Amino acid sequence: MRASLALAAAVAPVVSLGLWSSLPGIADNATFELAELPPLPALELSDSIAAGNKAKTTASVWFKVVRATSLRRFSELFNLDPEVLATLNNVPYSHVFEKESWLSLPGSARAVAVTLSSLKRTSERQTLPVAAPPPVGTLAKIQKGDSLAAFLKRHGVTQEQLKTWNPGLDVSGLTVGRELQIAQASSGQSLLAVRPLRSGGAAWPEQTLLPIADQPDHLKPPIVGYQWPTKGVFTSGYGWRWGRMHKGIDIANNTGTPVLAARDGIVSFSGWSGAYGYLVEIAHSDGESTRYAHNSRLLVKKGQVVPRGARISLMGSTGRSTGPHLHFEIRRAGGAALNPLVKLPARKA
C-alpha cells in the first residue's frame, strides 16, 4: 500500500506538467524565445533581381572599355551572372560595349578589372561618368520638296548658323541633293558630376529664351511670311479685268528690274510658259506656290532652293504683255489662285 502511494506521488507532478503545457495560456516574456515563432514568408523575388539589387547596394566602380566587348564576355571574365551585369549597366543581355564606353562593375570585381587589357586601368572611377550627348548628325542633304525654311526647321538650325558652319555658302544657289554641315563637331569630352534624374538619363539646365525682338539675328527663326517681290508701280489688282479673271497683281518698272523670291521655297519651274512668257514658279513648305511672269531673264533653275529675298529673275515683257512689268500670283495648296494682297504686308507710302 505504501509502495503504491509513493509511486503515485512521484508520477503526479510529471503528469500535471504535461497537461499544463498542453493547455492554452499567455506567453511569458521572461522565457520567450524567437525560435518558437513560425518562420516569416519569403519575399517572392527572383534570384537574378535579388542579386542585382544586392550588387547595386554595394559600391560600384567604372572603367572605360578599350575595345568592343560583349556583355556576356565580361560576365565570363568576372565570373558574374550576365543578368547582374546587365542590371548594373541598364543594358540588355545582348549588349556590346563599344570602345570608349563605360562599364559599371561591383566593387568586388575591381581586383580582376585592373588586370584586364580590355579595360583602361587609368580610367577607374568611383562616381558615375556621364558623357555629353552627341549631335543627332553633322551632315544633311537637301531633299526633294524642301524649302530653305523647312530644311532649317527640320534640323533645328538658323540661316546664320548654316552660313557659319558652311563657309562661302550661297543660300540662293542650293539644289536638291546638296550636303550641308548642320552641327558643330563634338569635342567628345566627358562631363562628370552631372546628377542623373532617372536611370540612364542626366539633368541638363534649360536655357531661358529671349523674346524674339531681343534675340540676336543668328538666333531668330527663319522668316516664313511673304514680302513684295519687286519695286515699281502697282498697275493692276486681282479680279475680273476686261471680261476675264486676272489671277494675280501687276507691278510695272523698267526692264531688268530685279525680281525677288517673295518667300523661302524650292523652284518647281523655270522656263517659257506661253502667255506667261519666261516664268518662275516656287513651291513653299505649306503647299502654297508663287508665280513670277513676263521676265526678261531667268536667274534660277528647277530644283534650286531659294531663300526669301533672293534674286530669281529680271523684269521684262515676254509672253502676253503690254509693257515691262511683273505679274505675280499666289496659289493655294490645291492650285486655286489667291489674292496676293491678302498675304503681302502693307506697302510703305
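Me: Which residue in strand 21 is the bridge partner of Ala293?

Reply: That's His327. Before we go on, this is a predicted model, where local features need pLDDT of at least 70 and side-chain atom pairs count only at pLDDT 80 or more, while totals for chains, interfaces and linings use all residues. Residues are numbered from 1 along each chain as its sequence is written, and side-chain values use heavy atoms, with hydrogens and water left out.

Me: What makes strand 18 and strand 21 a pair?

Reply: Two strands pair if DSSP finds at least two bridges between them. Strand 18 (residues 289–298) and strand 21 have five, in the antiparallel sense, so they pass the cut-off of at least two. Strands themselves are DSSP runs of E with at least two residues, helices are runs of H or I with at least four, and both are numbered from the N terminus.

Me: How do you know that strand 21 pairs with strand 22?

Reply: There are two bridges between them, again antiparallel, and Arg331 stands opposite Ala337 of strand 22. The two strands form a hairpin with five residues between them, and Gly335 in the turn has a positive phi of about 105°.

Me: What else does strand 21 pair with?

Reply: Strand 14, over four antiparallel bridges. Ile251 stands opposite Leu326 there.

Me: Why is strand 21 called largely enclosed?

Reply: Because seven of its seven residues are buried, meaning under 20% relative accessible area with a 1.4 Å probe and protein chains only (exposed is over 50%, partly exposed in between). His325, His327, Glu329 and Arg331 point one way, and Leu326, Phe328 and Ile330 the other.

Me: Why is Asn166 called buried?

Reply: Its relative accessibility is 11%, so it falls under the 20% limit. Asn166 lies in the loop between helix 7 (159–165) and strand 8 (174–175).

Me: Which residues is Asn166 in contact with, leaving aside its neighbours within four places in sequence?

Reply: Leu180 and Gln181, where contact means heavy atoms within 4.5 Å.
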